[in-house]
Amino acid sequence: MKKEISSKPSNFRWTICILLFIATTINYMDRQVLSLTWKDFIAPEFHWNNNDYGNITALFSIFYALSMLFAGKFVDWMDTKKGFLWAIAVWSVGAVLHAFCGIATAGVLTGNWVADFHESKEIIGKVDNVSMVISTSVTLFIFARFVLAVGEAGNFPAAIKTTAEYFPKKDRAFATSIFNAGATVGALAAPITIPFIARSMGWEWAFIIIGALGFLWMGLWVFYYKKPHQHHKVNQSELNYIQQDQDDAPNADPGVPEKKFSFKECFSYRQTWAFAFGKFMTDGIWWFFLFWTPAYLSSVYKMDSTQSALPLFVLYMITLLSIIGGWLPKYFVEKKGMNPYNGRMRAMLIFAFFPLLALLAQPLGSITYWIPVLIIGVAGAAHQAWSANIFSTVSDMFPKKAIATITGIGGMAGGIGSFLINKSSGVLFDYSHKAWTTINGTPLLEKYPQYSSERLPEGFLEGLEKSGAIISDGIDKGYMIIFSVCGVAYLIAWSVMKSLVPKYKVISK
């Protein structure tokens, strides 16, 4: 395609970056609907506890992890445009499916499949077998979560591949930090919209309305996306800027297909293991903050989903500081003369120290809930800045034809880490809620030993408190343990990554 000749470069790459930002925003809003509705709306309807929710989020992480492994390969195979369209179509269907889990639960348990949302609640409320309600509803939500995870797994491989197509190496972390801020904005928009939709229209409509946004984005992607060298909105000056890296040139002969990297080849590089280990150690921290912070404010500070909207909004506003994290490596490259990898690792080491503040979140939380909110916000900003840079290490060292595949491998490792932290959090929080809670100074299980193997009845502790008993809930100690894990994970990840890849080395094939 003949390019427009102009000395002034066009800036169409930023339009593409905005599209990636919107996709990531939708991605995280879809992911957040469950965490913002389960405690107040879904759990009372289906009798869930922390462990049930922990099982659902943990399995979502595993589905996401396994899907990432193949999503990256799928995006490299389908190429960017079609790969992204498939991903967002599947996850939008998965998001909407959650809304029909109540109707399906009523249908499975009673054979009545024609109830609407309101009628299905009444039908489930009349079912005496609570265990069946729990197991059936949890299974159905897990299925919806599975479809969501399969689709959402395609977002980051496709977005990172697009960034590598449209930005030179020195700008990729900054572009990644901007589109990755969509995760923050999605998390930001979620608490000020989803609980209010759920309260006014029902939790089912929260899933349907947020899920439908993905279908609108698909129209924008079809209309705007093409390869930069094929796009009439990218002039020659901008194309020269995009393709300035000598070791990153596009396929010289489009008629000759590029040889793809196999999984076996990918795993033979230390760079792949370094990226995967970094994701394994740190992805779960962000997912923990995302999935459990609303429950933390509810369990420890007795806030419902609308009361926690403002603290969550402030928390995620703070995480927008992560955009600075994309600029910092560029400073090290341009002002300090470092290569992209060294500049990125220097920046990541700086970000790795901030989550240590999480060690203070629970001890200082007795003063006011704003202290853990602010600390989690800072830790979340550090994570997102870290995340933008760790993603960019892939395009620093691997050719474009392997970027989505390597990103998928790292995403799988991150999903496994997320599974472990979400599952262990649910188990730990239920354990600490029973084993470390005291009633008038006496351990709960010493006073009521039958609950060592049974679920606590809904509203049990609240009822005791209303009768005048002094309750000290032990769940805050469970959160203290997980916050401590979050605090040290990044420094461990950085140390191992640096030992695996001490120097910048580009993979060529």
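Lys-302 is found in the loop between H13 and helix H14 (309–319); helices here are DSSP runs of H or I with at least four residues, strands are E runs of at least two, and both are numbered from the N terminus. Although Lys-302 is not a glycine, its phi is positive, at about 55°. Lys-302 is exposed, with a relative accessible area of 53%. The burial classes go like this: buried means under 20% relative accessible area, exposed means over 50%, and partly exposed is in between, with a 1.4 Å probe and protein chains only.

A quick word on the ground rules. This is a predicted model, so local features need pLDDT of at least 70 and side-chain atom pairs count only at pLDDT 80 or more, while totals for chains, interfaces and linings use all residues. Residues are numbered from 1 along each chain as its sequence is written, and side-chain values use heavy atoms, with hydrogens and water left out.

His-47 is another non-glycine with a positive phi, of about 65°. His-47 sits in the loop between H1 and H2, and with a relative accessible area of 24% it is partly exposed.

**Empty space**

Rolling a probe the size of a water molecule over the atoms shows where empty space is left. The work is done on a 1 Å grid over the protein atoms alone: a cavity is a set of points where a 1.4 Å probe fits but cannot get out, a pocket is an open set with protein on both sides within 12 Å along at least five of seven lines, and lining residues have an atom within 4 Å of a point. Grid points are joined across faces, edges and corners, and a volume is the space filled by probe spheres set on the points.

How many cavities of 30 Å³ or more are there? The count comes to four. For the lining classes in the table, Ala, Val, Leu, Ile, Met, Phe, Trp, Tyr, Cys and Pro count as nonpolar, Asp, Glu, Lys and Arg as charged, and the others, Gly among them, as polar.

| Space | Volume | Lining residues by class |
|---|---|---|
| Largest cavity | about 140 Å³ | eight nonpolar, four polar, three charged |
| Second largest cavity | about 60 Å³ | three nonpolar, four polar, three charged |
| Largest pocket | about 1300 Å³ | 17 nonpolar, 13 polar, 13 charged |

Start with the largest cavity, at about 140 Å³. It has 15 lining residues, and those closest to its centre are Tyr-28, Phe-156, Lys-279, Asp-283 and Trp-287. Two or more lining residues come from each of helix H1 (12–46), helix H2 (50–78), helix H8 (169–189), helix H13 (270–301) and helix H18 (370–397).

The second largest cavity has a lining that includes Ser-35, Leu-36, Lys-39, Asp-40, Pro-294 and Ser-298. H1 and H13 are the elements that give two or more residues to this lining, and H1 gives the most, with four. Ser-298 belongs to helix H13 and is buried, with a relative accessible area of 15%. Leaving aside neighbours within four places in sequence, Ser-298 is in contact (heavy atoms within 4.5 Å) with Lys-39 and Met-303.

Now for the largest pocket. Of the 43 residues lining it, Lys-39, Asn-50, His-433, Gly-459 and Glu-462 lie nearest its centre. Among the elements that give two or more residues to this lining are H1, H2, H13, helix H19 (400–435) and H22.

**Rings**

Rings of Phe, Tyr and Trp (its six-membered ring) pair if their centres lie within 6.5 Å; planes under 30 degrees apart count as stacked, over 60 as edge-to-face and the rest as tilted. That gives 53 aromatic pairs. In one of them, the ring centres of Trp-386 and Tyr-490 are 5.5 Å apart and the planes are at 85°, so the pair is edge-to-face. This pair links distant parts of the chain, with Trp-386 in helix H18 and Tyr-490 in helix H22 (residues 475–500), 104 residues apart.

Tyr-451 and Phe-460 are buried. There is an aromatic cluster as well, including Trp-38, Tyr-53, Phe-288, Trp-292, Tyr-369 and Phe-483.

Finally, charges over rings: NZ of Lys or CZ of Arg has to be within 6 Å of the ring centre and within 35 degrees of the ring normal. The charged end of Arg-31 sits over the Tyr-64 ring, 4.9 Å from its centre. Arg-346 has its charged end over the ring of Phe-332, 5.7 Å from the centre.
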